[in-house]
Amino acid sequence: MSKEEKELRKDELDLVQRIVKRMNVLVYASLFIVLVAMFNIMAPDTAERWFGETEKEALPEEVVAAISDDLIENGIHVKTGLIVDDGFNQVKATCLACHSAKLVTQNRADREGWKKMIRWMQETQNLWDLGQNEDIILDYLAKNYAPEDKGRRAPLKNIEWYTLED
Ligand code: HEC
């Protein structure tokens, strides 16, 4: 055999060896699959526990509702904390686009004050022209987020005081 022939043969042998190695992997893989299948057949309960999909526990209803945006409690929209009243939808759609509802709910102002805040956002924060929604939104804000001392509840008048008797 010439030197070249020998080298060629060695290359061929290498190739065969590599193919056999690959096939080993295949054999082990199929063996593993057969084992898992047998395990499934012979011990289905354990197999289910090990490989089966675990059932997800259902979330409490109020959590689902809060996530799904529907929950209203005592007139407050739970997810945003906004008071539900005329204009709520417009406020929710407009005023939460850039920041959280907290900025709204933590502020108090009269109609003029709210208008100024909107103008300020329009001039400096790229707030768009609110068009016909502006009046609806201002009505909502002025009514529901008025300064504390002129809050939603009208001050009590004409109170008839009585003395406590024992
Ligand atoms: C285009 C984006 C955008 C929209 C839409 C938007 N705002 Fe703002 N707003 C801002 C930015 C930005 C700030 C400043 C935030 C900060 O200081 O962290 C801000 C601040 C505020 C503040 C705090 C002002 C202060 O003096 O501290 C209030 C209140 C407010 N927004 C209310 C509203 C209301 C009500 C609406 C709906 C009409 C609205 N925002 C819609 C961008 C927006």
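Throughout this passage, a residue is called buried under 20% relative accessible area, exposed over 50% and partly exposed in between (1.4 Å probe, protein chains only). The model is a predicted one, so local features need pLDDT of at least 70 and side-chain atom pairs count only at pLDDT 80 or more, while totals for chains, interfaces and linings use all residues. Residues are numbered from 1 along each chain as its sequence is written, and side-chain values use heavy atoms, with hydrogens and water left out.

To start with the overall picture, the protein has seven helices and two strands. Both kinds of element are DSSP runs numbered from the N terminus, helices being H or I with at least four residues and strands E with at least two. Going along from the N terminus, the order is α-α-α-β-β-α-α-α-α. Of the 166 residues, 17% count as buried. The accessible surface comes to about 14,300 Å², and carbon and sulfur atoms make up 56% of it; these areas come from the Shrake-Rupley method with a 1.4 Å probe, and for residues only the protein chains shown count as cover. Taking contacts (heavy atoms within 4.5 Å) between residues at least 6 apart in sequence, 44% join residues at least 24 apart.

Next comes the metal. The iron atom of the ligand is held by His99 through NE2 and by Met121 through SD, at 2.0 Å. Donors here are N, O and S atoms within 2.8 Å of the metal (3.2 Å for Na, K and Ca), and since water is not among the atoms, sites may look incomplete. The iron site has six donor atoms with angles of 86 to 179 degrees, and is octahedral. That label applies to six donors if opposite ones are over 155 degrees apart and all others between 65 and 115. Ideal angles for six octahedral donors are 90 or 180 degrees. His99 sits in the loop between helix H4 (88-95) and helix H5 (102-105), and Met121 in helix H6 (residues 111-124), so this pair, 22 residues apart, links distant parts of the chain. His99 is partly exposed at 25% relative accessibility, and Met121 is partly exposed at 21%.

Helix H4 also holds Thr94, which is buried at 12%. Leaving out residues up to four places away in sequence, Thr94 touches Trp128, Leu130 and Ile137.

As for aromatic rings, the whole structure gives two pairs. Rings of Phe, Tyr and Trp (its six-membered ring) pair if their centres lie within 6.5 Å; planes under 30 degrees apart count as stacked, over 60 as edge-to-face and the rest as tilted. Phe39 and Trp50 have ring centres 5.3 Å apart and planes at 40 degrees, so they form a tilted pair. Phe39 belongs to helix H1 (residues 3-42) and Trp50 to helix H2 (residues 44-51). Phe39 is partly exposed at 25%, whereas Trp50 is exposed at 58%. The rings of Tyr140 and Tyr145 are tilted too, with centres 6.0 Å apart and planes at 50 degrees. Both Tyr140 and Tyr145 are buried.

Most residues other than glycine have a negative phi. Asn74, though, has a positive phi of about 50 degrees; Asn74 lies in the loop between strand S1 (72-73) and strand S2 (76-77) and is exposed at 79%. Asn126 also has a positive phi, near 65 degrees, and is found in the loop between H6 and helix H7 (133-144), exposed at 71%.

Notes
Four donors count as tetrahedral if all angles lie between 85 and 135 degrees; four count as square planar and six as octahedral if opposite donors are over 155 degrees apart and all others between 65 and 115; anything else is irregular.
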